[in-house]
Amino acid sequence: MKRVLIATEKPFASSAVQQIIEILANAGYEVRRLEKYTSKSDLLEAVKDVHGLIVRSDVVDRQVIDAALELQVVVRAGSGFDNLDLAACTERGIVAMNTPGQNSNAVAELAIGMMIFMARGNFKGGSGSELKGKTVGVYGCGNIGRRVARIAQGLGMKVVALDPCITKVSMEPYEIKVVQSVDELFGMSDYLSLHIPTNEKTKKSVNFELMNKMPKGATLINTARKEVVDEDGLKKVLEERPDFKYISDIAPSCHEELAGKYEIRYYSTPKKQGAETSEANVNAGVAASEQIVAFFKEGDQTYRVNK
Ligand code: 3PG
């Protein structure tokens, strides 16, 4: 009998857990749960004899892979898979997957909510501004970026986008103007929403020079990963430009300093909550469990992310 572990330091909503268990149990698998764990040793112990693993942002590094002696498949229930050591998976012949698109709407809604929050002075009273008529730059135009664009259009915003994988033609049905360079994107965006993955190319790529290109009164929104923003550059632009605002779903390492200095122009959620909706949890959790069943029963590797 296959054993599948759901290891979530930040658990899925209970409705999602119920559905995940049902799908795996109906397939004839034993389901185990490790939730809200506080020490890595708990994860190392729990993965020892499982064949399948479902995680969220939980770190599945080489140590975890080495401890998981019988592991065949790991599914990151979500979009970004920078928490998985893909090379270690490949070396062991373990298939790694994500569940693209399943939590996109939740993240996109948070990004838009963050724009409104900053436009209205953190809901602290006083006169704010409207999103209608402003330009939003969508940096990274995958499932989340496209959803942000669609909602922003509904609010009457102009949308410009840049993604190495998109062309003008492919964005035409979405009425998204594709710009040619990142400088151009930042230069014309009153609001700039980050939706790029973190990797060696993108780490610290959002630097002072780029942020400083943004128009007067601009807001940078980060629901992607903290690593893509260069924190020295962020500190510098906030220091030098009293009009610049930054809001993030992932607290930068310099959070305390920024929160102390910039009460209105800086905000970070206490804990990453972009995908924290019951709908997103159900979508991603159900997709993850169905992908595990399809993999074990039919060898399906559609959403494989390692080579
Ligand atoms: C993702 O990459 O899917 C999002 O960042 C959500 O991550 P989470 O499952 O840890 O909330």
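Here's a walk through this structure, from the whole chain down to a single residue. Keep in mind that you're looking at a predicted model.

Let's start with the big picture. If you trace the C-alpha atoms along the principal axes, they span about 60 × 45 × 35 Å.

Of the 307 residues in the chain, 51% are buried. The accessible surface comes to about 14000 Å², and carbon and sulfur atoms account for 50% of that. What about contacts between residues at least 6 apart in sequence? In 64% of them, the residues joined are at least 24 apart. As for charge, the chain has 40 positive and 40 negative charges, and their mean positions are 3 Å apart.

Time to zoom in on Asp243. You'll find Asp243 in the loop between helix H10 (231-240) and strand E11 (245-248). Is Asp243 buried or exposed? Its relative accessible area is 18%, and buried means under 20%, so Asp243 counts as buried.

Who are its partners? Leaving out residues up to four places away in sequence, Asp243 touches Pro215, Lys216, Gly217, Ala218 and Arg265. With Gly217 you can look at particular atoms: a polar atom of the Asp243 side chain lies 2.7 Å from the backbone nitrogen of Gly217. The side chain of Asp243 also has a polar contact of 2.8 Å with the side chain of Arg241.

Methods. Residues numbered from 1 in each chain as written. Predicted model: local features only at pLDDT ≥ 70, side-chain atom pairs only at ≥ 80, totals over all residues. Heavy atoms only, no water. Buried < 20%, exposed > 50% of the residue type's maximum accessible area, 1.4 Å probe, protein only. Contact = heavy atoms within 4.5 Å. Areas by Shrake-Rupley, 256 points an atom, 1.4 Å probe, with all protein chains shown as cover. Lys, Arg positive; Asp, Glu negative; His and termini not counted. Charge placed at Lys NZ, Arg CZ, Asp CG, Glu CD. Helix = DSSP H or I, 4+ residues; strand = E, 2+ residues; numbered from the N terminus. Polar contact = N/O pair within 3.5 Å; in protein donor to acceptor, adjacent residues only side chain to side chain.
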